[in-house]
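Welcome, and thanks for taking a look at this one with us. Please have the sequence and the 3D view open as you read.

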4 protein chains.
Amino acid sequence: MSTDTLRYKVYTLLEKDESGSGLGRKIDLFLMLLITVNVISVILESVAYIHTNYGLQFWLIEFFSVAVFSIEYALRLWTCVENPKYKNRRFPRLVYMISPMAVIDLLAILPVYFIMFFNVDLRFLRVLRLLRILKLTRYSTAMVMLLDVFKEETNALLAAIFILLVLLVLAASGAYLVEHNAQPDKFGSIPSAMWWAVATLTTVGYGDVTPITIIGKVFGACITVIGIGMAALPAGILTSGLADHLRRRREALMSQFRLALEDGQIDEDEEEEIEALRKELGISHRAVKHIREVMHQEAKSRAKLPHCPHCGERLHHH
Amino acid sequence: MSTDTLRYKVYTLLEKDESGSGLGRKIDLFLMLLITVNVISVILESVAYIHTNYGLQFWLIEFFSVAVFSIEYALRLWTCVENPKYKNRRFPRLVYMISPMAVIDLLAILPVYFIMFFNVDLRFLRVLRLLRILKLTRYSTAMVMLLDVFKEETNALLAAIFILLVLLVLAASGAYLVEHNAQPDKFGSIPSAMWWAVATLTTVGYGDVTPITIIGKVFGACITVIGIGMAALPAGILTSGLADHLRRRREALMSQFRLALEDGQIDEDEEEEIEALRKELGISHRAVKHIREVMHQEAKSRAKLPHCPHCGERLHHH
Amino acid sequence: MSTDTLRYKVYTLLEKDESGSGLGRKIDLFLMLLITVNVISVILESVAYIHTNYGLQFWLIEFFSVAVFSIEYALRLWTCVENPKYKNRRFPRLVYMISPMAVIDLLAILPVYFIMFFNVDLRFLRVLRLLRILKLTRYSTAMVMLLDVFKEETNALLAAIFILLVLLVLAASGAYLVEHNAQPDKFGSIPSAMWWAVATLTTVGYGDVTPITIIGKVFGACITVIGIGMAALPAGILTSGLADHLRRRREALMSQFRLALEDGQIDEDEEEEIEALRKELGISHRAVKHIREVMHQEAKSRAKLPHCPHCGERLHHH
Amino acid sequence: MSTDTLRYKVYTLLEKDESGSGLGRKIDLFLMLLITVNVISVILESVAYIHTNYGLQFWLIEFFSVAVFSIEYALRLWTCVENPKYKNRRFPRLVYMISPMAVIDLLAILPVYFIMFFNVDLRFLRVLRLLRILKLTRYSTAMVMLLDVFKEETNALLAAIFILLVLLVLAASGAYLVEHNAQPDKFGSIPSAMWWAVATLTTVGYGDVTPITIIGKVFGACITVIGIGMAALPAGILTSGLADHLRRRREALMSQFRLALEDGQIDEDEEEEIEALRKELGISHRAVKHIREVMHQEAKSRAKLPHCPHCGERLHHH
């Protein structure tokens, strides 16, 4: 039991469940800082000059970081059973170990152990350490919302990517047909032409490869026009998804207000609930103020419902 | 009659009408795999090295594919009369033959027959075989929805393309006027200048052709600014169309819930209908959960409608 | 009076007021075709080879076109007083002459008269004739709607362009400060640096001018990131405006349905009104079908309004 | 007191509180013109030729401008206490001095004083004077609205920029891994590869650095595709924010109409309030006309509410 209570305390420290705890917040900031330092050091280490002259300093940073991240990983693995998501499963720790965050945490520390025990290509493993940057995503509400939108619109996004693939193949083939004689090095095969096609359809337009023949330019012009349509698809999907998300957030807050205004007033407890919901959803104060006004107006007009002149009383439930 | 029942069975296998049938799904996956293998083989065949060394293997793949696709085409042609769309028309099979999917299926197998019986340019026919990739579009709900949006917004998209054409002509003419002396090879005629204009208006910006004179650069800068407005048009049209589509889907599901909640509860049959509609529309579980909550709330407040104080009973229809 | 009736007839022919008239439609198609032929001929004439060899044919096309357009301009000028917009103004024809369409029509025929009577730079006047392409915009509903959206969102679009100008000046100045020593030819003054800045902020990215110094590249990277925000502004403005437009169109149709369904049924006259409104607004059949279903449902639930059990009758107006 | 009344008069002149005052508007236009002249002169001064030959004229413009801006700054500092925002704070003038607009106003005049009293790099200070262009932003309603949207969506935009940074680091590392042997000068370290990565992810695509190896091109193609998703994020965020803003503006106007139509009519005072609100929100006349129609319809159907058959009178509050 004493271990359980300790485990629960550590769990709340790590998972930010009680945001009142100053220590939990300090731990978060420390980990965020350490990850950022790590990412910058990996980036700088790739510059030959810096790697030669400061190699030792970087190794010390790395050693310290891996120590901290190993302890963090062990602690998260230990306390994960306190999380309702994992409590009631068989082999909860194994299930946790295959969750995305846990995999990233593991990939963040494995490379160094590899280097210590095997002699592998440093460069590749060094880059793998950059995946630690993804650990930062759990620290921002707006970010979690954006990633939520990506997750929810996955089907539509995959369909958009498939349409892009189809157009890529057809565009590359067309360019190959018309340009392979004039530029056999750049358009000599469909895979070669694909480099031009993908740069054009995504409107990146490097310019290192462009059609030379007149038919090639006409065909290329058509592909560029189709390209802006393609660039529009993901934008449309993400925008609709975002707007939908925002609408649902707003409706959730409106429901809360409606419930609170049932008795015509919002007392202190109800204000606290509303503020907690505002924080959880990440809605700005200004938007809440506007919803508050709209809901008050709605309550007022509900209060003006029909009277039955005969009865004289308001035809209203309470 | 025995032929009819067999024909109907084959029809359901091909058209996925009864998704319960494991065999129908296996056939779909097999055809999807064969199309993908085909597309990849056409792409690889265009690389001279691969074509020389593996020509025979590719011809075998091609021969097998054409055999399968020919049988598929014959079967679809035979069973198309089971489809309500074609049943009651005169010459149903001819009408089917001119539908887009049937034309693509035919173009997918004709080239090989051409090569076998005539001596035509292999390269062009090989590329024509790539159109088989379009056969894959019938296999994804999200994709069908995206293509639906394209179809519905066709008028607006064509208007946007027309605006782009007008700007293209005016931009190319302006560039021709100011740059034809300085760069007679690149801006020597309006068609030449169109290459720069289309790359700029679509923000692809290859950079192989750019204005040199000062007036040319000022004019070019204005065209780039107008360009981002142009790139915005298709995005806006597709986004509005998508948002509209999603709204209608959501309203359809809300109607279903409203009907089911008329008696205050959702029983098993109603749950099944809702689930079937969710699958058909391709709405995520999370969105359905939110709609469910909103509909329940709506039913609850409907239940709190005015009392006639005189009668004391709830003024509600059922 | 006989002139008035003739004038009114000519007015309806030109302005498509009675779309039943087959002749009006034929005249429209003829004018559209002539404008298109003109635009193509101006484009082709700029190619030196074609201009040398076919100069006479082009001059004949031009002569014929100017004759037709002159007659058209004269007729429109004559009949413009039938238009309610101009009927009741002082000097109606002068007011018409300064309307955008009339100015374009005039600019379309003046150049040729200039050439005939003065000796002016042919090239410039030839390009001016391309403005006739703008005469085509009156022939498409979707286009009129898009131009409407542009007109309505003009304030916001101008503000977006102003923000772009501010960023342009600041970006060019920053690049000038850091790169003028390393690349005195390309970044030697703020106007020079503006060429790079405008290509980057609009994401066109020609690549003919790029920063070389490290600070320059860091600064340049920041400007590219700000660039995608800039490209987003016009998209957002146009999309919101379009969505708003579509919403208002849909609400107008819903009002029409609501009015028609007041008596619970839609009779033939009401169906005709609805169809006329659908054509005028350019809404697709499928969208109308959906609105029809929603409105029927709304009417049904309106019919299920509270009963006063005491009275037994529906508490409904009729 | 006489100073107070004079101070209040000057305050209204500067802050456009009474837009009826012709003098206030003239002062605004004069300041706007002076700022624009300044910005253009700083831009032109950077061209060596112009700086050499017209140096004196530019110095005179600068001297005059700084005199005017110094007087303006002093006046704003003096009258800021009339602003409700600053009236009731301790040390109101200090609070005003750290507000964004005041800081910009100060930065606009300091450089010249620096030059006069110290000998600092003219070029950098000259560019600093360009910040005056930001003083223009207080003069446009649509602009204030756009900046409002930016401010409100700051969290989401920062999250989008963070996602871009993560992708930047991962894309640069991947390109570094696969291309550092083939192009050691351009992809020799992760910071080097970041130049290519940022140009590609933002779809700017300069083309001065592109992958050469086949794996590099495949990886590069994937990054371009992810790039159009990234360019979509800010667009989606800004569009949702704008649409939300417009919706709230529209609802505010609808509330005003609803209040005014409570007595079934809109009298002159109510029309004035509506027009004042329309100006303040910057809504177009056409949109107001549409809202007016919708609100009238709503009032009409409210008037058709249930009758109590027993009583025969309309069950309506007034």
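How many salt bridges are counted between chain C and chain D? The count there is zero. Please keep in mind throughout that this is a predicted model.

## Where chain C meets chain D

Let us begin with the extent of this interface. Chain C brings 60 residues to the contact, and chain D brings 49 residues. About 4600 Å² of area is buried between chain C and chain D, and carbon and sulfur atoms give 73% of that area. Although salt bridges number zero here, the rule does find four residue pairs in polar contact across the interface of chain C and chain D, with both residues of each pair at pLDDT 80 or more.

Which elements of chain C give two or more residues to the side that touches chain D? They are helix 8 (141-152), helix 9 (154-179), helix 10 (190-201) and helix 11 (214-260) of chain C. The largest share of this side, 23 residues, comes from helix 11 of chain C. Sorted by class, the side of chain C that touches chain D has 30 nonpolar, 20 polar and 10 charged residues.

## Where chain B meets chain C

Now for the interface of chain B and chain C. Here 61 residues of chain B are in contact with 49 residues of chain C. The area buried between chain B and chain C is about 4600 Å², with 73% given by carbon and sulfur atoms.

On the side of chain B that touches chain C, at least two residues each are supplied by helix 8 (141-152), helix 9 (154-179), helix 10 (190-201) and helix 11 of chain B. Helix 11 of chain B gives the most to this side, with 23 residues. By class, the side of chain B that touches chain C divides into 31 nonpolar, 20 polar and 10 charged residues.

## The largest cavity

The structure holds six cavities of 30 Å³ or more, and the largest cavity contains about 380 Å³ of space. Which residues lie nearest the centre of the largest cavity? Of the 28 residues that line the largest cavity, those nearest its centre are A:Ala231, B:Ala231, C:Ala231, D:Ala231 and D:Ala235.

The elements that give two or more residues to this lining are helix 11 (214-260) of chain A, helix 11 (214-260) of chain B, helix 11 of chain C and helix 11 (214-260) of chain D. The lining of the largest cavity has 16 nonpolar and 12 polar residues, and no charged ones.

## Salt bridges over all chains

To finish, back to the topic of the opening question. A search of the whole structure finds eight salt bridges over all chains. A:Arg76 forms a salt bridge with A:Glu72, and their closest N and O atoms are 2.9 Å apart. Both A:Arg76 and A:Glu72 lie in helix 3 (residues 48-79) of chain A, where they are four residues apart, about one turn of the helix.

Methods
Residues numbered from 1 in each chain as written. Chains lettered and ligands numbered in written order. Predicted model: local features only at pLDDT ≥ 70, side-chain atom pairs only at ≥ 80, totals over all residues. Heavy atoms only, no water. Contact = heavy atoms within 4.5 Å. Buried area = accessible area lost by both parts, 1.4 Å probe. Salt bridge = Lys/Arg side-chain N within 4 Å of Asp/Glu carboxyl O. Polar contact = N/O pair within 3.5 Å; in protein donor to acceptor, adjacent residues only side chain to side chain. Nonpolar A, V, L, I, M, F, W, Y, C, P; charged D, E, K, R; others polar. 1 Å grid on protein atoms, 1.4 Å probe; cavity = no way out; pocket = protein on both sides within 12 Å on 5 of 7 lines; lining within 4 Å. Points joined across faces, edges and corners; volume = space filled by probe spheres on them.
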